[in-house]
Amino acid sequence: RWSFPDAEQHDVTLARGPIGFGSPWSHDGDRYGRRFTEPGRYLLMCSLHSAYMSQVITVRRKSSSRPG
C-alpha cells in the first residue's frame, strides 16, 4: 500500500514487470493498494518523479510443502 501525504501529485506506475498497471495521480492523504500475485520482479516508479522515486518488488512462487 502506498500513501501520498503531501500536496504534490504522485502515482505508482510499472516500468518493468510481468503485469502492467498504473495508479491514478494522488495527493493530500490519498492511498493506493495493489496485491502482487504473479511471480516476478516489478520495477515501480512515480511517473511524475521517476528520476528519484522508484522501488523494486520481487514476488516469489508460493513454495509447495509436502506432508511427510
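Colleague: Which strand is Thr13 found in?

Modeller: Thr13 is in strand β2. Keep in mind that this is a predicted model.

Colleague: Noted. Is Thr13 buried or exposed?

Modeller: Buried: the relative accessible area of Thr13 is 17%, and the cut-off for buried is under 20%.

Colleague: What does the Thr13 side chain make a polar contact with?

Modeller: With the side chain of Asp11, at 3.1 Å.

Colleague: And leaving out residues up to four places away in sequence, what does Thr13 touch?

Modeller: Phe21, Gly22, Leu43, Leu44, Met45 and Ser47.

Colleague: Leu44 again, then. Which residue stands opposite Leu44?

Modeller: That's Leu14, with Leu44 sitting in β4. β2 and β4, the latter covering residues 40–45, pair in the antiparallel sense over three bridges.

Colleague: OK, zooming out to the sheet. What order do the strands have?

Modeller: The order is β2-β4-β5, an open sheet of three strands with antiparallel pairing. β2 (13–16) and β5 (54–59) each have a single partner strand, so they stand at the edges and one side of each is left without a neighbour in the sheet.

Colleague: By how many degrees are neighbouring strands turned against each other?

Modeller: On average by 35 degrees, direction ignored.

Colleague: How many bridges do β4 and β5 pair over?

Modeller: Six, in the antiparallel sense.

Colleague: Where does Pro18 lie?

Modeller: In the loop between β2 and β3. Pro18 is partly exposed, with a relative accessible area of 40%. Not counting residues up to four places away in sequence, Pro18 touches Glu38, Pro39, Gly40, Arg41 and Tyr42.

Colleague: Changing topic to the aromatics. How many aromatic pairs does the structure hold?

Modeller: Four. Take Trp2 and Phe36: the ring centres are 6.4 Å apart and the planes are at 75 degrees, so that pair is edge-to-face.

Colleague: Which parts of the chain does that pair link?

Modeller: Distant ones: Trp2 is in strand β1 (residues 2–4) and Phe36 is in the loop between β3 (30–32) and β4, 34 residues apart.

Colleague: Why does Trp2 count as buried?

Modeller: Because its relative accessibility is 15%, with buried meaning under 20%. Phe36 counts as buried too, at 17% relative accessibility.

Colleague: What aromatic pair do Phe36 and Tyr42 form?

Modeller: An edge-to-face one, with 4.8 Å centre to centre and 65 degrees between the planes. Tyr42 is buried, as is Phe36.

Colleague: Which residues form the aromatic cluster?

Modeller: Trp2, Phe21, Tyr32, Phe36 and Tyr42 form one cluster. Phe21 is also one of the residues that Thr13 touches.

Colleague: Last one: what sits over the ring of Phe21?

Modeller: The charged end of Arg34, 4.2 Å from the centre of the ring.

Definitions and conventions
Residues numbered from 1 in each chain as written. Predicted model: local features only at pLDDT ≥ 70, side-chain atom pairs only at ≥ 80, totals over all residues. Heavy atoms only, no water. Pairing = 2+ DSSP bridges. Helix = DSSP H or I, 4+ residues; strand = E, 2+ residues; numbered from the N terminus. Axes fitted to C-alpha atoms, helices over the stretch in contact; angles between N-to-C directions. Phe/Tyr/Trp six-rings, centres within 6.5 Å; stacked < 30°, edge-to-face > 60°. Buried < 20%, exposed > 50% of the residue type's maximum accessible area, 1.4 Å probe, protein only. Lys NZ or Arg CZ within 6 Å of the ring centre and 35° of its normal. Polar contact = N/O pair within 3.5 Å; in protein donor to acceptor, adjacent residues only side chain to side chain. Contact = heavy atoms within 4.5 Å.
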